[in-house]
Amino acid sequence: MSGDWAWEQADRIISDDPTTARATLIPVILGSDKTTISVAMGQTDYYPLYLSIRNVSNTVCCAHCNAIVLITFLAMPKIPETVFFGDNYYQHVIYAFAAYIADYEEQVLLSCIVCNWCPKCLAHCDNLDGDALRRSQEHCDIVVEEFDLHKLWDTYGIVSNIVPFTNDFPRADIHAMLSPDILHQLIKGGFKDHLVDWVERYLVHIHGKAEAERILDNINRHIAAVAPFTGLQCFPQGQHFKQWTGDDSKGLMKVYIVAIDGHVLKDMTLTEINDALQRFHLFREVFWNAGAVESFSLPQQHAMKHYHYLICQFGVLNGLCSSIMESKHIKAVKWPYQHTNCYQALGQMLLINQRLDKLAVVHMDFNECAELGVLELPNILYRFLHSQLHPNDAHNPEDIPLHECPFFDGKIHVFNSACSTFFAPSDLSGTYGMHCSHFNCVFVVTDPQADSMCGLDVARILWMLYPCAVVHWFDHVRDGPDTATGMWTVCPGYCAHNLRNIDIIHIDTIYCAAHLIPIYSSHNINPRDIRPHQSYDAFHLFYVNKYADHHVFKIAF
């Protein structure tokens with residue numbers, strides 16, 4: 001909770017009661033989401049209520065380290081309590097509602113507004129993109145006293161005969177508490193429900209149904225042929241899923257822009273967020289002009305207008321995403337339910353959760369699979385050893401006679417796969433920013449003085465000869481990124497006589513893993529002949545996928 005909200009709350013609490021000046025503020029995060037458990041005997045719905053505190057590091061929240069717990073009732077004290085902290089000191093603490101995590105349907109219910117209205121501002125449901133003032137509980141109370149039920153419904157989108165549950169809590173405003181929901185607003189809403197659907201409608205309106213189906217099949221082949229990458233989901237059937245999940249949408253987002261390249265017309269600081277939103281609003285008009293969309297007044301997309309303000313209030317938003325609760329549903333609701341006798345299961349589920357909390361421990365996965373083999377690359381190895389022993393030698397290693405290179409006749413242990421764990425400040429998805437990556441293609445530092453891709457080259461690791469690696473170099477096609485996609489383009493490197501540019505490098509020169517996506521417009525693809533693991537061998541021109549993960553996005557520009 002690094003934003004302005006905590007400072008504003010602290011100032012307000014101290015001004016109301018100066019005796020709380022040295023107390024610690026504990027921001028309380030609530031979250032709820034309906035979940036359905038389907039079994040052979042029928043269907044059961046549950047509304048779990050979760051609680052977390054924002055004094056916990058955001059990295060711990062994102063790593064799902066039991067920072068969120070299942071509760072049934074919460075009492076909010078109005079005066080400071082004395083609490084024993086982990087540093088062996090007692091502190092006066094004050095609890096305050098900070099944020100509530102919920103999808104749009106839950107937000108409508110909690111804020112007591114009419115569906116299709118915004119719970120954060122007073123924008124009319126017919127024109128959500130228009131400028132409007134922010135909602136507040138104080139404003140709501142005033143208009144409820146002044147106007148009748150029909151006026152409140154039609155003009156303000158307020159259901160006046162229902163009172164928000166936060167109404168009698170101190171310093172609690174449900175409209176201010178509702179946090180952005182990246183999962184349902186951006187990933188499932190803006191991308192899956194809107195953009196993917198708009199692309200299909202656009203293609204039908206522009207090309208007709210038969211041609212659009214042919215283009216969509218081609219797009220699916222593009223998606224299916226993407227090479228594997230750590231943390232990147234494979235889509236052997238393209239985008240044709242029977243049931244979309246949040247992971248499906250997040251995985252498809254990382255490869256979708258390249259897959260549709262050429263088929264759809266082309267006419268981060270907070271400033272960059274605003275610029276990106278303006279570009280999105282500008283370029284989405286292509287779907288309106290083609291007749292694929294009737295209205296842009298969509299609550300999930302409108303919610304993006306509030307992201308700038310909410311980031312200033314709450315800090316980074318990935319710790320306030322409903323995906324945290326979605327993952328908790330499995331452990332807190334679905335698994336415990338499966339271990340009950342299904343008769344009055346709620347009490348049994350609560351007992352199971354209590355026991356699971358007591359038995360919860362931090363565990364690590366040490367599964368590592370490596371395949372050994374032997375490879376003889378004497379000439380390349382000799383020159384590599386010479387470059388390691390004479391780092392200041394300006395001669396090209398290829399020009400050095402072999403008899404001047406060190407001789408080596410020992411055993412070579414070959415590892416066909418490798419995994420590296422490193423500190424990635426731009427990707428805090430694990431505890432303390434630690435990131436795990438399996439190597440296939442990598443970024444290699446070739447010019448430490450240059451920035452971004454100007455100082456990096458891409459190479460494909462063929463074998464690991466610890467502490468070295470046998471690599472096939474890729475060459476930059478241009479001096480800068482592609483203007484349409486914003487990605488750099490590379491191609492496999494070749495030497496004289498059309499031989500692959502093979503080299504041995506020290507693993508200390510490897511910066512991080514890289515992911516390449518073929519430029520499909522330059523290839524003819526037969527889906528029966530191409531499999532994901534064959535992607536790097538079957539194509540000769542690639543995009544450097546800067547959307548593969550947060551770490552690559554920071555350097556591949």
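## Strand β6: T82

T82 is found in strand β6, residues 81–84. Strands here are DSSP runs of E with at least two residues, helices are runs of H or I with at least four, and both are numbered from the N terminus. This is a predicted model, in which local features need pLDDT of at least 70 and side-chain atom pairs count only at pLDDT 80 or more, while totals for chains, interfaces and linings use all residues. Residues are numbered from 1 along each chain as its sequence is written, and side-chain values use heavy atoms, with hydrogens and water left out.

T82 is exposed, at a relative accessible area of 52%. The classes are buried under 20%, exposed over 50% and partly exposed in between, computed with a 1.4 Å probe on protein chains only. Neighbours within four places in sequence aside, T82 is in contact with Y90, Q91 and H92. Contact means heavy atoms within 4.5 Å.

## The α7–α8 packing

Two packed helices are described by the angle between their axes and the distance between the axes. Helix α7 spans residues 182–207 and helix α8 spans residues 209–224; they pack at about 135 degrees, with axes 7 Å apart. That makes α7 oblique to α8. Axes are lines fitted to C-alpha atoms, for helices over the stretch in contact, and angles run from 0 to 180 degrees between N-to-C directions. Angles under 35 degrees count as roughly parallel, over 145 as roughly antiparallel, 65 to 115 as roughly perpendicular, and the rest as oblique.

The α7 and α8 crossing is right-handed. In such a crossing the near helix is turned clockwise from the far one by less than a right angle; anticlockwise gives left-handed. From α7, the contact uses E200, L203, V204 and H207; from α8, it uses K209, E211, A212, I215, L216 and I219. By class, the residues of this contact are six nonpolar, one polar and three charged. Nonpolar covers Ala, Val, Leu, Ile, Met, Phe, Trp, Tyr, Cys and Pro; charged covers Asp, Glu, Lys and Arg; the others, Gly among them, are polar.

## Helix α8 itself

Helix α8 has 16 residues. From first to last C-alpha it reaches 22 Å, close to the 22 Å expected at 1.5 Å a residue. The expected span is 1.5 Å times one less than the number of residues.

The buried residues of α8 are A212, I215, L216, N218, I219, N220, H222, I223 and A224. An α-helix has 3.6 residues a turn, so residues three or four places apart point the same way.

E106 is found in helix α3. E106 is buried, with a relative accessible area of 9%. E106 and G31 are 75 residues apart in sequence, yet their C-alpha atoms are 9.6 Å apart.

Two residues with positive phi follow. C112 sits in the loop between α3 (104–111) and α4. Its phi is about 60 degrees, although C112 is not a glycine. C112 is buried at 7% relative accessible area. N116 lies in the loop between α3 and α4. N116 has a positive phi of about 80 degrees and is not a glycine either. N116 is partly exposed, at 44%.

## Other loop residues

F147 is placed in the loop between α4 (137–146) and α5. F147 is partly exposed, with a relative accessible area of 34%. Not counting residues up to four places away in sequence, F147 touches L152 and Y156. F147 and S160 are 13 residues apart along the chain, with C-alpha atoms separated by 9.6 Å.

T166 is found in the loop between α5 (149–156) and α6 (174–177). T166 counts as buried, at 0% relative accessibility. Beyond its neighbours within four places in sequence, T166 is in contact with A172, I174 and M177.

I68 is in the loop between α2 (58–62) and β5 (69–71). I68 counts as buried at 12% relative accessibility.
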